[in-house]
Amino acid sequence: MGEHYRQLVEHLNEIYHINRATSLLRWDQQVSMPPGGAHARAGVIATLSRLEHERFTSPQTADLLAAAQAELNGAAYDSDEASMLRVVGQDYDRATRLPAELVADYAEATASAHKIWTHARQTNDFAAFEPALERIVDLALRRADQWGYTDHPYDALMQQYERGMTTARVRELFDGHKPQLVALIAAIKDSGVTVSDAILRQRFPIDQQNTVALKIVEAFGYDFKRGRQDVAVHPFAMRFSRGDARITTRFTEDYLPPALFGTFHEGGHAMYEQGISETIDGTMIGCGASLGMHESQSRLWENLVGRSRGFWGWALPQLQAAFPDQLGSVDLETFYRAINAVQPSYIRVEADEATYNLHIMLRFELESDLVAGKLKVADLPREWNARFEAYFGMTPPTDTVGVLQDVHWSSGLIGYFPTYALGNLLSVQFYNEAIKAHPTIPAEIAAGKFDTLLNWLCVHIYQHGRKFTAQELTERITGGAIRSEDYIQYLQTKFGDLYNL
Ligand code: ZN
């Protein structure tokens with residue numbers, strides 16, 4: 001490691017420390033801060049974010065990057081040094097393209113839009129939200145222009161969450177499995193098979209829910225010496241280093257799935273962060289590769305492992321021991337069917353595996369058309385409902401459970417939604433690859449052993465942090481591109497079996 005590289009890392013680490021301190025304030029805000037602290041906390045976070053941005057976009061960063069680049073001397077693409085310069089160079093380029101005035105306008109617009117949206121959603125009043133959303137779309141377009149793009153302004157917006165992904169590629173992936181998804185859901189509806197989830201809708205005391213969920217994620221390999229769990233209204237995972245990757249959970253006393261599968265999901269995110277190599281820990285590339293990659297891991301543990309029949313052969317007796325009155329007499333097959341019931345819902349966050357990606361496709365189509373100028377904000381509710389009817393065979397009765405349901409647009413998160421669906425596609429591609437390498441994995445899972453799978457994921461994905469994009473990782477692991485075939489095949493097999501299709 002050269003002297004200039006060492007200086008660069010020192011400089012970047014200071015900036016990263018400001019970033020982590022800000023995250024800790026956000027964690028505290030969602031986990032333990034009293035509501036009265038909101039105003040003061042917003043001020044502290046705004047100041048720290050400004051300091052971080054100023055330091056990172058300073059000419060000093062450019063000078064240090066250039067000097068370190070000059071002494072790199074052909075270091076391999078996947079070396080820590082070359083990866084750091086490549087990825088941080090891209091971050092720097094994007095961060096310096098936005099004028100300060102646009103950054104401030106955007107922060108202000110999203111902060112006020114969020115309040116307006118909260119009220120509009122409560123009162124089913126899209127018209128009240130319309131001007132605020134128009135402003136956000138307009139500012140998003142200005143940001144896209146500053147960042148630059150060749151084909152579609154949405155390309156530039158997506159880079160914030162999924163480096164290297166393009167609108168054309170997402171469209172191709174989505175169109176590649178949309179007709180099959182629509183057909184699958186229609187076939188399930190027409191199958192005449194009804195699956196009841198009534199056994200999950202009983203009273204489940206929260207303490208026992210917590211104990212059993214934590215026991216299971218610990219068995220997965222989530223290391224509580226390097227993690228912890230708290231309660232939050234909107235569950236999330238947050239990392240400070242590989243030695244401190246935390247999760248949060250929300251409990252519902254009369255419905256078991258949210259806390260149970262939510263803990264598996266956030267545990268998957270946190271295990272990813274705990275698996276990052278020590279050599280890049282605490283640096284700007286020492287975190288998950290992208291939102292899509294992150295979601296592939298939360299989904300893998302939540303669904304591929306956590307909603308599989310084999311897994312519950314091992315886990316159900318533990319759940320029954322925690323809830324003998326509620327579940328003591330339930331057989332494995334009844335339980336497996338209940339946790340996999342397909343129930344088209346208006347609400348994305350309540351969606352099951354079979355319908356989830358359709359919710360995302362709908363949003364992707366609308367927001368990419370919005371920024372391309374093909375769709376007006378005023379026409380969103382009508383367009384939303386028409387597509388919902390076409391994909392799910394039902395029309396949302398209100399905008400509250402339709403176009404107004406998600407927080408993303410009011411927060412300025414345009415280009416974010418596709419990462420959820422990409423995560424689903426990747427979860428199956430990676431899981432299949434792990435089983436190809438170690439055919440014993442399903443049998444091990446059925447015996448409560450998860451280390452072969454976790455080790456494989458660490459070696460092939462987790463340790464690399466942000467060195468590679470999702471596409472690069474997929475290429476390295478599968479020898480091919482991100483694709484939808486594996487995912488749709490997984491769904492058709494699983495739900496074909498459940499619904500006698
Ligand atoms: Zn997630």
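About 2800 Å² of area is buried between domain 1 and domain 2, and carbon and sulfur atoms give 58% of that area; buried area here is the accessible area (1.4 Å probe) that two parts lose on being put together, summed over both. Tyr16, Trp27 and Trp117 supply 23% of the area that domain 1 buries against domain 2, more than any other three residues. This is a predicted model, in which local features need pLDDT of at least 70 and side-chain atom pairs count only at pLDDT 80 or more, whereas totals for chains, interfaces and linings use all residues. Residues are numbered from 1 along each chain as its sequence is written, and side-chain values use heavy atoms, with hydrogens and water left out.

**Domains and their interface**

- The domain assignment, automatic or from a database, gives domain 1 (3-125) and domain 2 (167-498).
- In contact (heavy atoms within 4.5 Å) are 31 residues of domain 1 and 33 residues of domain 2.
- The rule finds 2 salt bridges across this interface of domain 1 and domain 2, a salt bridge being a side-chain nitrogen of Lys or Arg within 4 Å of a carboxyl oxygen of Asp or Glu.

**Zinc site**

- His265 (NE2), His269 (NE2) and Glu295 (OE) coordinate the zinc ion at 2.1 to 2.4 Å; donors are N, O and S atoms within 2.8 Å of the metal (3.2 Å for Na, K and Ca), and water is not among the atoms, so sites may look incomplete.
- Along the chain, the donors of the zinc ion follow the spacing H-x3-H-x25-E.
- Both His269 and Glu295 are buried, meaning under 20% relative accessible area (1.4 Å probe, protein chains only).

Note on methods:
Buried means under 20% relative accessible area, exposed over 50%, partly exposed in between (1.4 Å probe, protein chains only).
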